[in-house]
Amino acid sequence: MFPPKNPRKFSDCLQHLPAGSSELLIVEGDSASDAVVKLRNPEYQAVLPMQGKPMNAMKASTAKLENSPLFRTLCESLGVSLRDPASTSKLKYSRIVFLFDPDADGIHCGVLMLLFFYRFLRPVLDSGHVYRTQTPLFEVTTGSPSGQQTFYAYTEPELGVLMRDVRQAGLTITGRSYFRGLANFPASTLKSTCINPASRKLVRLGARDAEAALRIFRHSAQPA
C-alpha cells in the first residue's frame, strides 16, 4: 500500500466497516470540503477534497494513477490497492459519495471519477458502493398563510416546471437562488440537500452509467 501525499486534507470518520455504516464524501474544491467537514457527522462521514479535474483513468497507466495525489490518497483512505483486486474486500466504507458542483465541470468531474472506479476498482462499483449526490441548481422559496416553503430544482427544465406548479398552487414566490457551486450554498441548504442522509438525494452508480458515459465521450470525440 502506498502512503498518501496529502494526508492533512483527508478528514476521516470514527466508524468504519464492518462496525458501522460509514461513507466517504469526495468533495470538489477546498472551500466546499471545509464547509462539508464542519457540517458532516464525524461518527460515520469522512471527507476527501478534490482539487481540479481528475485525470482520465481510461487513458492513464496504473503507474501514473499511483503517482496522482488524489488517487493515491483515495486508495489509501478506502483501504484498497490498484494492483491487488482482492484488496477491495477490505473496503473501509459502505458508501463512496461524489459531491460535486451542479454545473458542467462538476458533472465532468463526476464522470471521470466514475471511470476510475469502472476501470480500476470495478468490484467496488459492481457491489453498489458508489453514489453521486443530486446537488440542486436552484432554490425557490414561497410565502403563504401557512408559512414559508422551500423547493429545489436540479436542472433548468425542472425549474420551469416547478415555477409553473408553484403559481398554479396559488403560492407567492418570495425568492429564487441559483447555486454556482457548493461553496455558495448556505450552510443549512448544503447540509439538508447534500450531507444529511435523511433529506439528501443519492443516485447509485454502476457499470452501465460508466459505459453510457464512455459512449458519449467517444461520440463527442468524432469529427463533425
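This is a predicted model: local features need pLDDT of at least 70, side-chain atom pairs count only at pLDDT 80 or more; totals for chains, interfaces and linings use all residues.

Visitor: What does the secondary structure of the protein come to?

Guide: The protein has 8 helices and 8 strands. The radius of gyration of the protein is 19 Å, close to the 17 Å that the globule rule gives for 224 residues, so the protein is as compact as a globular protein of that length.

Visitor: What box do the C-alpha atoms of the protein fill?

Guide: Taken along the principal axes, the box is roughly 60 × 50 × 30 Å.

Visitor: Into which domains is the protein divided?

Guide: Domain 1 is made up of residues 23–135 together with 185–220, while domain 2 covers residues 138–178. Between the centres of the two domains, taken over C-alpha atoms, there are 30 Å.

Visitor: How should I describe two packed helices?

Guide: One states the angle between their axes and the distance between the axes. Consider helix H1 (residues 30–39) and helix H7 (residues 187–195): these pack at an angle of about 80°, with axes 10 Å apart. Because angles of 65 to 115 degrees count as roughly perpendicular, H1 is roughly perpendicular to H7.

Visitor: Which residues make the contact of H1 with H7?

Guide: H1 contributes Ala35, Val36 and Leu39, and H7 contributes Ala187, Leu190, Lys191 and Ile195. By class, this contact has 6 nonpolar residues, no polar residues and 1 charged residue.

Visitor: At what angle do the axes of helix H3 and helix H4 cross?

Guide: The axes of H3 (residues 69–78) and H4 (residues 104–120) cross at roughly 60° and come within 13 Å. That angle makes H3 oblique to H4. The crossing of H3 and H4 is right-handed.

Visitor: Which residues of H3 and H4 make the contact, and how do they divide by class?

Guide: On H3 they are Leu70, Phe71, Leu74, Cys75 and Leu78; on H4 they are Met113, Phe116 and Phe117. The contact of H3 with H4 has 8 nonpolar residues, with no polar and no charged ones.

Definitions and conventions. Residues are numbered from 1 along each chain as its sequence is written. Side-chain values use heavy atoms; hydrogens and water are left out. Domain bounds come from an automatic or database domain assignment. Axes are lines fitted to C-alpha atoms, for helices over the stretch in contact, and angles run from 0 to 180 degrees between N-to-C directions. Helices (H or I, at least four residues) and strands (E, at least two) are DSSP runs, numbered from the N terminus. Angles under 35 degrees count as roughly parallel, over 145 as roughly antiparallel, 65 to 115 as roughly perpendicular and the rest as oblique. A crossing is left-handed if the near helix is turned anticlockwise from the far one by less than a right angle, and right-handed if clockwise. Contact means heavy atoms within 4.5 Å. Ala, Val, Leu, Ile, Met, Phe, Trp, Tyr, Cys and Pro count as nonpolar, Asp, Glu, Lys and Arg as charged, and the others, Gly among them, as polar. The radius of gyration is taken over C-alpha atoms; the globule rule is 2.2 Å times the number of residues to the power 0.38.
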